[in-house]
Amino acid sequence: MSEVLELVDVSVVRDGHALLDDVSWSVKEGERWVILGPNGAGKTTLLNLASSYLFPSKGTATVLGDRLGAVDVFELRPRIGMAGIAMADKLPGSQSVLRTVLTAAYGMTAHWQEEYEDVDEERARAFLDRLGMTEYLDRRFGTLSEGERKRTLIARAMMTDPELLLLDEPAAGLDLGGREDLVRRLGRLARDPYAPSMVMVTHHVEEIAPGFTHVLMIRQGQVLAAGPLETELNSRNLSRCFGLPLVVEKRGDRWTAQGLPLS
Ligand SMILES: Nc1ncnc2c1ncn2[C@@H]1O[C@H](COP(=O)(O)OP(=O)(O)OP(=O)(O)O)[C@@H](O)[C@H]1O
Ligand SMILES: [Mg+2]
């Protein structure tokens, strides 16, 4: 299996402070990773590296076989799909949902004068349908609820047929029904052998969809645990990661975690 992402001794330093500190991590083709860690741990920084929007201060980062710093990022970026909160702010709120997804095919955030091919429109419709957004094609992006916006961003990230799909807290802000709906859809994607390799940042183990295979836990920019969910997502690692006693359990194919009651 080939490497989709390979970080070797990577540090990212800003204002003398290491946001990532000597991180080594590799993702192989077809794997579906979850990244867990407290606020400020460096999760989004890691995704920004993986999407080539940020370079290491030290160490080497290889994304889809190309080493950052030695590759034209404008050729690399269309091969990576990224859905995160930062992206939502860059998209014009007055644009329709369908256009919002379509512009991704051209690596743009706004619709200028470019002509779209029918085949692109069909793809955009198909991805939106897969995420339950068919009823919203003509709605303005800016008028969507948080959950609808999240689903649109995932459809948008799929539009370039990426080899690597990066999701930053896709279920944050969703109500219980919305979360469960998204977990089901992500589970379907995660189990699809033709879907891209995936990395999802989340704050809640309840949001890990069946089909995800690996977990990376980080704290203060350092890797605490990395490996298969079945062996690494345990109470000991999660407690160390969040700095308090936690019990993690698997029920069926879903995870839950809670703090130990105070004695
Ligand atoms: N450009 C920057 N300059 C200085 N510090 C930064 C910069 N960007 C991020 N940071 C800091 O780096 C740390 C990691 O940020 P990051 O956004 O990766 O955290 P995170 O794990 O995604 O957190 P959250 O769960 O809150 O989203 C934070 O303490 C943040 O304040
Ligand atoms: Mg973040």
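Q: What volume does the largest cavity have?
A: This is a predicted model, and in it the largest cavity has a volume of about 50 Å³.

Q: How many cavities of 30 Å³ or more does the structure hold?
A: The structure holds one cavity of 30 Å³ or more.

Q: Which residues line the largest cavity?
A: The lining consists of Ala 83, Gly 84, Ile 85, Lys 150, Leu 153, Ile 154, Asp 168 and Pro 170. By class, five of these residues are nonpolar, one is polar and two are charged.

Q: Which element gives the largest share of that lining?
A: Helix α6 does, with three residues.

Q: Let us stay with α6, then. How does α6 pack with α7, in angle and axis distance?
A: Helix α6, residues 146–158, and helix α7, residues 176–191, pack at an angle of about 15°. Their axes are 12 Å apart. Angles under 35 degrees count as roughly parallel, and α6 and α7 are therefore roughly parallel to each other.

Q: Is the crossing of α6 and α7 left-handed or right-handed?
A: The crossing in which α6 passes α7 is right-handed.

Q: And which residues meet there, between α6 and α7?
A: From α6, Arg 151, Ile 154 and Met 158 take part. They meet Asp 181, Leu 182, Arg 185, Leu 186 and Leu 189 in α7. This contact has five nonpolar residues, three charged residues and no polar ones. Ile 154 of α6 is also in the lining of the largest cavity.

Q: What about α5 and α6: at what angle do they pack?
A: Helix α5, residues 118–130, packs with α6 at an angle of about 140°, and the axes are 9 Å apart. The two helices are therefore oblique to each other.

Q: Which hand does the crossing of α5 and α6 have?
A: The crossing of α5 and α6 is right-handed. On the α5 side, the contact is made by Arg 123, Phe 127, Leu 128 and Arg 130. On the α6 side, Thr 152, Ala 155 and Met 158 contribute. By class, the contact divides into four nonpolar, one polar and two charged residues.

Q: Changing topic to pockets: how much space lies in the second largest pocket?
A: The second largest pocket holds about 170 Å³ of space.

Q: What lines the second largest pocket?
A: Its lining residues are Ser 2, Glu 3, Val 4, Glu 29, Gly 30, Leu 64, Glu 163, Pro 193, Tyr 194, Ala 195, Pro 196 and Ser 197. That lining has six nonpolar, three polar and three charged residues.

Conventions
Residues are numbered from 1 along each chain as its sequence is written. Chains are lettered from A and ligands numbered from 1 in the order in which they are written. This is a predicted model: local features need pLDDT of at least 70, side-chain atom pairs count only at pLDDT 80 or more; totals for chains, interfaces and linings use all residues. Side-chain values use heavy atoms; hydrogens and water are left out. Axes are lines fitted to C-alpha atoms, for helices over the stretch in contact, and angles run from 0 to 180 degrees between N-to-C directions. Helices (H or I, at least four residues) and strands (E, at least two) are DSSP runs, numbered from the N terminus. Angles under 35 degrees count as roughly parallel, over 145 as roughly antiparallel, 65 to 115 as roughly perpendicular and the rest as oblique. A crossing is left-handed if the near helix is turned anticlockwise from the far one by less than a right angle, and right-handed if clockwise. Contact means heavy atoms within 4.5 Å. Ala, Val, Leu, Ile, Met, Phe, Trp, Tyr, Cys and Pro count as nonpolar, Asp, Glu, Lys and Arg as charged, and the others, Gly among them, as polar. On a 1 Å grid over the protein atoms alone, a cavity is a set of points where a 1.4 Å probe fits but cannot get out, and a pocket is an open set with protein on both sides within 12 Å along at least five of seven lines; lining residues have an atom within 4 Å of a point. Grid points are joined across faces, edges and corners, and a volume is the space filled by probe spheres set on the points.
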